[in-house]
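Subject: Structure handover

Hello,

Here is the structure for your files. My notes on what was found follow below it.

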Amino acid sequence: MSNLQKIILPVSVILLVFGVVPQYTDFLLSTSPDMSHHYALTYRIFETMSTVFTNDPSLGEMNFYPSNSHVLAAVLGHMTGSVFAGMNAIAVAALLLVWVGILGVLKGLADRVFLVATILLVGAVFVNFETVRLTLHGFELIGNYYFAQIFGIAIMYLCIACAAFIEKQKSAALGITFLSIISVVMTGIHLLPTVILVGTVWVLATLYFIENWGNLKKRNTLFVILFPVISIAGVILNPSFSAMAKIAKFNGGMWYLDTNYPTGFFQLSVIATMVSFGLFAVWFTSARTKENSAYKYLIALGFAVPVLCIMQYYLLSQGFGSEYAVKKYVFNLLTFIFVGGAVLISALLNGLFDKLSVKQIPQPPKLVSTVIFLGASFILFSTSLSGKQLIETQKVIETEQSLSDFYAQNKEEVKGTVAVAGLNDMPNSFNYMFSLAFAKTPRHFAEPHVMSGRLINDLKPYSYIVTSKGSSFAPKECPGLETSGISGIKKTCLAESLKKIGECGAHYDFSSNGAVNPKEILGFSDPDQYGRWNNGTKVTFQCDMSEKKASKIRIVLRPYIFGPQKEQNITPVINGTRFNPIKFPVIGYNTLELDLTPLNIVDEFKIELEMPNAISPKETGENNDTRKLAFKIKTISFE
C-alpha cells in the first residue's frame, strides 16, 4: 500500500466531518439539564482560560468533572465566537466519529464480510430509528445531552479501529500496548469509555494467550502482561478517576426507551455475550491470521461491555455508584448487539458462500472502498441523529451573544446573587443554563427556582433578575439596565410590582417556561413544561383591563380523561356572567374561545373556570396522584 493510499481514508474522514457537521447543527434534539451543566463548565473554561475550579457554587459536581472535551469546545468557541456553537459542533462531530470508528473496526474484516455486514448494519439501524427506536448511539444527544460521554465513546471506537489496524500492520502486542496507553489518557474525558477500553484491553490480552499458546515470544508476552496492568493502575491513580467515581454516585435522570431496569439490562448483557461467543467461534475456527484480527476487537468489546455493566450493578448493590451509572451502558450494549450481530450473520453467510463455491467479491478499488465506507458512515450518523427538533441553535447563539453584550456593558452594576429567567423563546433549561454560565447563580438556587419555573414565587435570594426586554420579569414600572434586548431588573422593584394585579397582556404562558404572576391565579397546581393542571373544581385568572381592551379570550387547554373518566365539562364565568357549559370528550389540546364584547369590561377582568368533573388519577387508577384534575391550561391570550 503506497503512502498516498494510506492517507486517502483519514483525509476523506476529515473532509466528511467538516462537510457534514455544519449541516446537522441547526436544530437541537434535546433541552436536557445535562446540556446546561456541560455548557456552564465550557463557558467557565472559555471565560477564565483555566480548568481548575474548586468551589464554584454554580458548577456543583462540574467543579471536579474531567474537562478535556470541554477545553476543546471552549477553544472552538473562541474560534467561532460562540461557546454554545463550539460545544454543539463537538458533540455532533463526535457522534459522526462514533460510526466512523465502528466501521473502521469492521473494515479490518475480509472485503465480503465487511460489505455484507455494513449493508446489514445500515439497514438494521435505519429500520430501528424509523420504528421501535431502541437506544443505540445517537440517543446520547436525543432527549439526553451526554456531551463528554459521546466524545469519549468516539475516541474509544476510533482508537480500537487504530489498534486493529496496528495489529494488522505490525503485531497484536503493539495494538494492546496502544490501547493501554490511550485508556490512561481517556480518564480526562469520561469514565464510561475509559472503563470499557480497559476491559477491552484485558479481553484482548486473554485472546492473545489463547491464540499464541505454545508459541509465546518473550518480549511480546511481557508487553501483553505489563501494559494491561499499567492501564488499570494508570486509570485508578489518575486524579480524574477519583473525580469521575464521585460523579458516578449522582443518580441523574435519563431519557431512554424499551429497556426495563434492571431486568432488561441483564437480558441485553446475555444477548451481547452470546453474540461475542458467536464471533469467538467464527474467529477460533477460522485461519487466525492478521487478516482476521479485527474479529478479536469486536469479541473483546462484546465481552467487556456486558461484564462491566453487570459488575457496575453488583457494585451498586454493595452501596457504590448509582443506577444512572448502570443505565448508561445501554447505548453500548444495544449498539454492540446490532454491530456484532451484523458481522456474525455476514461471517456465517460468508462461510456458506465458501461451501457453495460462491466466488469472493473482487477487492474494489481504493476509491470505491472509501466511498462505501464514507457513505455508510454518513447514513448511520444521519439516521441516528433523527428526532423531534426542539429549538433552533441560531436562537440560542443569538441569546448567548445578547447576554454577552449585556454583561460586558453592565458587569459592575449587576452584582450579588443574580438569576437569568424569562428569555424570549427559551425553555427553562436554557434560562437555567445561562443563569449558571453568565450570572453564576448557585446551583442550590438555580435548580428549584429557574429550572423548575418557580422563580417568580421566590425572589428573596436575588438582587437582580436578567431577562428579555418586555418579559414577565420586566414590568413597565421597573425600568432597568438594558443592552441588546436584555434587561437587568432590580429584585426590589419586581417584587413590589408582583404584589398587585398587572395589566392584561396579550399572551400568558402557563407552562414552566412562562411566568404568571401568582397574584393573578388561584386553584392551579405547579407548572410543568406543558402548562398547569387545576387542583380542585375551580380555577381563577384575573388582570387589569383598564388600559388595554380586548374583544376575545382564547384558552388552550387539555382535558383529563383516563379509565372511567370519559369526558370533562367546563363552565366559564367572566366578571359574574355565566357561559353555557362546554363538554370535552376527546384527549388532546383544544382551544376555548369566548367573545368579550357583550360584557363591556371597563377595568378588572376576572374569569373563573368551573370544573365539576374533576377527579384524581388515584381515583381513576392511573397512579397515586391525589390532585383533583380536570384541565391543564397551556396558554391564555387576548385579542
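A salt bridge here is a side-chain nitrogen of Lys or Arg within 4 Å of a carboxyl oxygen of Asp or Glu. Please note that this is a predicted model, in which local features need pLDDT of at least 70, side-chain atom pairs count only at pLDDT 80 or more, and totals for chains, interfaces and linings use all residues. Residues are numbered from 1 along each chain as its sequence is written, and side-chain values use heavy atoms, with hydrogens and water left out.

Salt bridges

The count by this rule is 19 salt bridges. D528 pairs with K632, with 2.7 Å between the closest N and O atoms. D528 sits in the loop between β8 (521-522) and β9 (532-533) and K632 in strand β17 (residues 631-638), so this pair ties together parts 104 residues apart in sequence. Helices (H or I, at least four residues) and strands (E, at least two) are DSSP runs, numbered from the N terminus. K632 is buried at 3% relative accessibility, while D528 is partly exposed at 27%. Buried means under 20% relative accessible area, exposed over 50%, and partly exposed in between (1.4 Å probe, protein chains only).

E61 forms a salt bridge with R443, the closest N and O atoms being 2.8 Å apart. This pair links distant parts of the chain, 382 residues apart: E61 is in the loop between α2 (33-48) and α3 (68-80), and R443 is in helix α18 (residues 443-451). E61 counts as buried at 14% relative accessibility, and R443 counts as buried at 9%.

In the salt bridge of E211 with K296, the closest N and O atoms are 2.9 Å apart. E211 belongs to helix α8 and K296 to helix α12 (residues 294-317), so the pair ties together parts 85 residues apart in sequence. K296 is buried, at 2% relative accessibility.

Surface patch

W202, V229, I232 and I236 form a nonpolar patch on the surface, with about 330 Å² of accessible area together. Patches consist of residues with over 30% relative accessible area and no salt bridge; like charges are joined within 9 Å, nonpolar side chains (Val, Leu, Ile, Met, Phe, Trp, Tyr) within 5 Å. Areas come from the Shrake-Rupley method with a 1.4 Å probe, and for residues only the protein chains shown count as cover. Helix α9 (residues 218-237) gives the most to the patch, with 3 residues. W202 lies in helix α8 (residues 191-212) and is partly exposed, at 36% relative accessible area.

A buried serine

S276, in helix α11 (residues 263-285), is buried at 0% relative accessibility. Leaving aside neighbours within four places in sequence, S276 is in contact (heavy atoms within 4.5 Å) with I299, G302, F303 and F336.

Regards
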